[in-house]
Amino acid sequence: MKCPFCTYHDTKVVDSRLGREGNNIRRRRECISCEKRFTTYERVEETLPLVIKKDGRREAFDRTKIIAGMQRACEKRPISIATIEKEVDRLELSLQESGEKEIESSRIGESVMNALHALDEVAYVRFASVYRQFRDINEFMAELTDILAKGGGKP
């Protein structure tokens, strides 16, 4: 493992522990050269389906993109990063369990919107406005009206 401080290529493991959720290993490492310590997390690399983009391109599933999008939608809202990561974990697990080799990005987007709808309606509307690319205020209002009709937005 390369040291993030001095980029030396040899480190030693000082301590290993099972992560909080039990699905990763937390390791404390020490650089042989500069003797600084840092933490790494190891997790099993699961096979996830390729994502089919709207233009037909295929790319690997990237959880960091989903987390970043959800974080932007939840900005200044009472949603913790742990909650967002838990939702992304659920999404990844459902994709793995599906056994599909490829999945359309629209299905992933709908799953994210469903998760945000359950967490926070403001975050949901923020995400939906970007994801669905509302062309004008009427489309935006139609989405808000739909939320209100389903019993959302109550104090």
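E87 lies in helix α2, where helices (H or I, at least four residues) and strands (E, at least two) are DSSP runs numbered from the N terminus. This is a predicted model, in which local features need pLDDT of at least 70 and side-chain atom pairs count only at pLDDT 80 or more, while totals for chains, interfaces and linings use all residues. Residues are numbered from 1 along each chain as its sequence is written, and side-chain values use heavy atoms, with hydrogens and water left out.

Is E87 buried or exposed? E87 counts as buried because its relative accessibility is 17%; buried means under 20% relative accessible area, exposed over 50%, and partly exposed in between, with a 1.4 Å probe and protein chains only. The side chains of E87 and R90 are joined by a polar contact of 2.4 Å. A polar contact is a pair of N or O atoms within 3.5 Å; within protein, one must be able to donate a hydrogen and the other to accept it, and residues adjacent in sequence count only if both atoms are side-chain atoms. Not counting residues up to four places away in sequence, E87 touches M70, A115 and L119, contact being heavy atoms within 4.5 Å.

Next is E85, also placed in helix α2 (residues 81–98). With 35% relative accessibility, E85 counts as partly exposed. Leaving aside neighbours within four places in sequence, E85 is in contact with R63 and I67. From the C-alpha atom of E85 to that of D120, 35 residues apart along the chain, the separation is 15 Å.

E85 brings us to the largest pocket. Its lining has 21 residues, and E21, N23, N24, E85 and D89 are those that lie nearest the centre. For the method: on a 1 Å grid over the protein atoms alone, a pocket is an open set of points where a 1.4 Å probe fits, with protein on both sides within 12 Å along at least five of seven lines, and lining residues have an atom within 4 Å of a point. The volume of the largest pocket is about 800 Å³; grid points are joined across faces, edges and corners, and a volume is the space filled by probe spheres set on the points. Helix α2 gives the largest share of this lining, eight residues. By class, the lining of the largest pocket has 13 charged, four polar and four nonpolar residues. Here Ala, Val, Leu, Ile, Met, Phe, Trp, Tyr, Cys and Pro count as nonpolar, Asp, Glu, Lys and Arg as charged, and the others, Gly among them, as polar.

The second largest pocket holds about 630 Å³ of space. Of its 23 lining residues, K53, K65, I66, F127 and Y131 lie nearest the centre. α1 supplies the largest share of that lining, six residues. The classes are eleven nonpolar, seven charged and five polar.

Last, the rings. Rings of Phe, Tyr and Trp (its six-membered ring) pair if their centres lie within 6.5 Å, with planes under 30 degrees apart counted as stacked, over 60 as edge-to-face and the rest as tilted. By this rule there is one aromatic pair. The centres of the F5 and F38 rings are 6.5 Å apart and the planes are at 70°, so the pair is edge-to-face. F5 is in the segment before β1 and F38 in strand β3, so the pair ties together parts 33 residues apart in sequence. F5 is partly exposed at 46% relative accessibility, whereas F38 is buried, with a relative accessible area of 8%.
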